[in-house]
Amino acid sequence: MDTELSTRYTRRALLKILGAGIAQSAQRTPSAPANIIFIMSDDHAAHAISAYGSKINRTPNIDRIAQGGMRMLNCFCTNSICTPSRGAIMTGQYSHISGVKTLADGLDGARPNLAKYMRAAGYQTAMIGKWHLKNDPTGFDYWNILPGQGLYHNPEFIEMGRRKKHTGYCTDLIADFSLDWLRRRDPSKPFFLMCHHKAPHRPWQPGPKHANLYEGVDIPEPDNLYDDYKNRSHAAANTKMRVGDDNNAVDLKVVRPVGLEGRELRKWAYQRYIKDYLRCVASVDDNVGRVLDYLDAERLSDNTLVVYTSDQGFFLGDHGYYDKRFMYEESLRMPFLARLPGRVAPGSINKDIVLNIDFAPTFLDLAGQRTPVEMQGRSFRSILNGRTPRDWRTSMYYRYWMHLADHHVPAHYGVRTSRYKLIYFYGKALGSAGAIDKDTQPEWELFDLEKDPREMNNVYADPAYRTVVKKLKATLEKHRRAYGDS
Ligand code: CA
């Protein structure tokens with residue numbers, strides 16, 4: 001990994017890289033380049049999609065993508081928080097290279113990014129919806145974004161630099177604007193559209209169409225909603241993202257009833273928040289359906305890669321939590337569904353480890369482009385085609401940076417293989433080289449995902465896993481060196 005290159009871009013270096021990208025476009029594959037629609041929602045966990053076996057809701061339209069294409073079971077984010085994941089997707093880089101480590105960081109618009117490369121490859125490019133990378137988007141022929149988090153109801157958008165307030169529900173509007181752009185695009189050129197929904201991000205405000213969905217129905221609780229964090233880290237036990245205890249009145253839309261506490265409070269608050277979350281998801285699903293219907297009607301489905309994903313996962317009461325940030329499964333996993341008739345087998349399922357830093361190389365590969373030198377991800381186009389490269393990664397590296405910021409999650413890094421996960425809470429504040437935060441001590445967690453898929457039992461200190469720990473620590477250090485994060 002060339003950290004020098006990535007952290008110290010001069011204008012000349014940038015032009016050189018972009019120039020190389022343009023030169024590569026001459027080497028495009030002869031077949032007609034596929035259009036790409038990248039639909040990404042915000043905080044939509046895979047286990048709230050019926051194609052992923054959700055026990056709590058149905059998503060018939062998102063499922064259409066899975067039925068017509070591939071469902072990836074082990075797609076992971078490299079830093080489970082909104083802005084950094086978006087930075088990773090745009091740059092193909094880990095947070096420490098992209099410069100987007102925390103919610104406070106913006107994406108430097110002068111750097112190369114996925115949209116610039118797609119445009120150089122001859123694509124029309126558009127970004128519609130939640131951008132959340134602070135600085136204005138670059139590389140897009142058209143953009144119409146929410147300012148920051150944006151609002152669910154009657155939101156303001158920034159269209160090519162101009163602010164305008166709109167009437168309606170955010171998820172519907174993002175689909176409206178996406179369809180408008182598709183209708184007026186240049187049909188002689190392939191397109192790359194990023195359609196980014198704000199939903200179902202907190203504070204989970206449903207639209208009028210779904211306001212009464214699930215009324216009078218109890219949503220099933222996850223089996224570890226009342227987790228007691230026995231045999232786990234202090235980090236897991238001390239976090240402030242517990243359903244009920246840490247939800248506020250904005251989350252729950254009502255003031256907590258007096259006297260409600262403990263298990264009863266959690267039970268009540270879970271139903272309050274999860275129903276609103278799922279109502280927001282229902283609107284996303286409807287609007288995915290509108291886009292798919294448009295592609296069918298315009299006979300574009302056969303040559304368009306449709307992706308559905310989310311910037312990270314989310315706890316749906318799992319471990320008693322809401323929110324994300326942790327390297328635990330529900331937060332780490334991104335849904336990733338991809339449909340491209342003739343090139344991705346319908347109804348296929350894949351278990352290879354793919355990462356958000358791989359998205360850009362994959363889309364560029366589909367556009368006939370080599371992976372740019374500064375990107376740290378790798379194209380998984382051949383995996384989508386049903387062939388896993390023999391040297392594909394068997395483990396992944398993760399790092400969360402926002403030490404004890406919102407929700408009191410300590411910064412940590414770790415490694416996950418198909419069977420194990422090793423996490424190190426290193427106990428230091430961001431930017432403080434030597435200081436150990438008084439609230440946290442360095443601590444390790446090891447989970448045997450085969451025996452303990454819900455991550456309820458930290459076996460780090462179990463002598464039976466001594467060899468496993470040793471090997472995983474070596475793998476972790478190998479990743480840290482390779483990615484320039486040591
Ligand atoms: Ca998010």
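Trainee: Is His 210 buried or exposed?
Mentor: His 210 is buried in this predicted model. Its relative accessibility is 8%, and buried means under 20%, so His 210 counts as buried.

Trainee: Where is His 210 found?
Mentor: Look in the loop between strand E8 (191–196) and helix H8 (234–238).

Trainee: And what is His 210 in contact with, leaving aside its neighbours within four places in sequence?
Mentor: Four residues come up: Arg 279, Ala 282, Ser 283 and Asp 286.

Trainee: Okay, what about Asp 285, where does that lie?
Mentor: Asp 285 sits in helix H10. Asp 285 is buried too, because its relative accessible area is 3%.

Trainee: Which residues is Asp 285 in contact with, again leaving aside neighbours within four places in sequence?
Mentor: Asp 285 touches Thr 59, Pro 60, Asn 61 and Ile 62.

Trainee: How far apart are Asp 285 and Lys 253?
Mentor: In sequence they are 32 residues apart, and in space 23 Å, going C-alpha to C-alpha.

Trainee: Are Asp 311 and Gln 312 buried or exposed?
Mentor: Asp 311 and Gln 312 are both buried.

Trainee: Now the sheet. How many strands does it have, and in what order?
Mentor: It's an open sheet of 10 strands, and the order is E7-E6-E5-E4-E8-E1-E9-E10-E2-E11. The pairing is mixed.

Trainee: Which ones are the edge strands?
Mentor: Those are strand E7 (162–165) and strand E11 (348–350), each pairing on one side only. Ignoring direction, neighbouring strands of this sheet are turned by 15° against each other on average.

Trainee: Which way do E4 and E5 run?
Mentor: They run parallel, joined by five bridges. Ala 126 stands opposite Tyr 142 in E5.

Trainee: And how do E5 and E6 pair?
Mentor: They pair in the antiparallel sense, over two bridges. Asn 144 has Glu 159 in E6 as its bridge partner.

Trainee: Why is E5 largely enclosed by the rest of the structure?
Mentor: Because five of its five residues are buried. In a regular strand, side chains alternate between the two faces of the sheet. For E5, Tyr 142, Asn 144 and Leu 146 are on one side, with Trp 143 and Ile 145 on the other, and both faces are covered.

Trainee: What about E9 and E10, how many bridges join them?
Mentor: Four bridges join strand E9 (residues 304–310) to strand E10 (residues 336–339), and the two run antiparallel. Val 306 has Arg 339 in E10 as its bridge partner.

Trainee: Last one, helix H7. How many residues does it have, and how far does it reach?
Mentor: H7 covers residues 170–184, so to speak 15 residues, and reaches 21 Å from its first C-alpha to its last. That is close to the 21 Å expected at 1.5 Å a residue.

Trainee: What do the buried residues of H7 pack against?
Mentor: They pack against strands E1, E4, E5, E6 and E8, and against helix H10. The buried residues of H7 include Leu 173, Phe 177 and Trp 181.

Notes
Residues numbered from 1 in each chain as written. Predicted model: local features only at pLDDT ≥ 70, side-chain atom pairs only at ≥ 80, totals over all residues. Heavy atoms only, no water. Buried < 20%, exposed > 50% of the residue type's maximum accessible area, 1.4 Å probe, protein only. Contact = heavy atoms within 4.5 Å. Pairing = 2+ DSSP bridges. Axes fitted to C-alpha atoms, helices over the stretch in contact; angles between N-to-C directions. Expected span 1.5 Å × (residues − 1).
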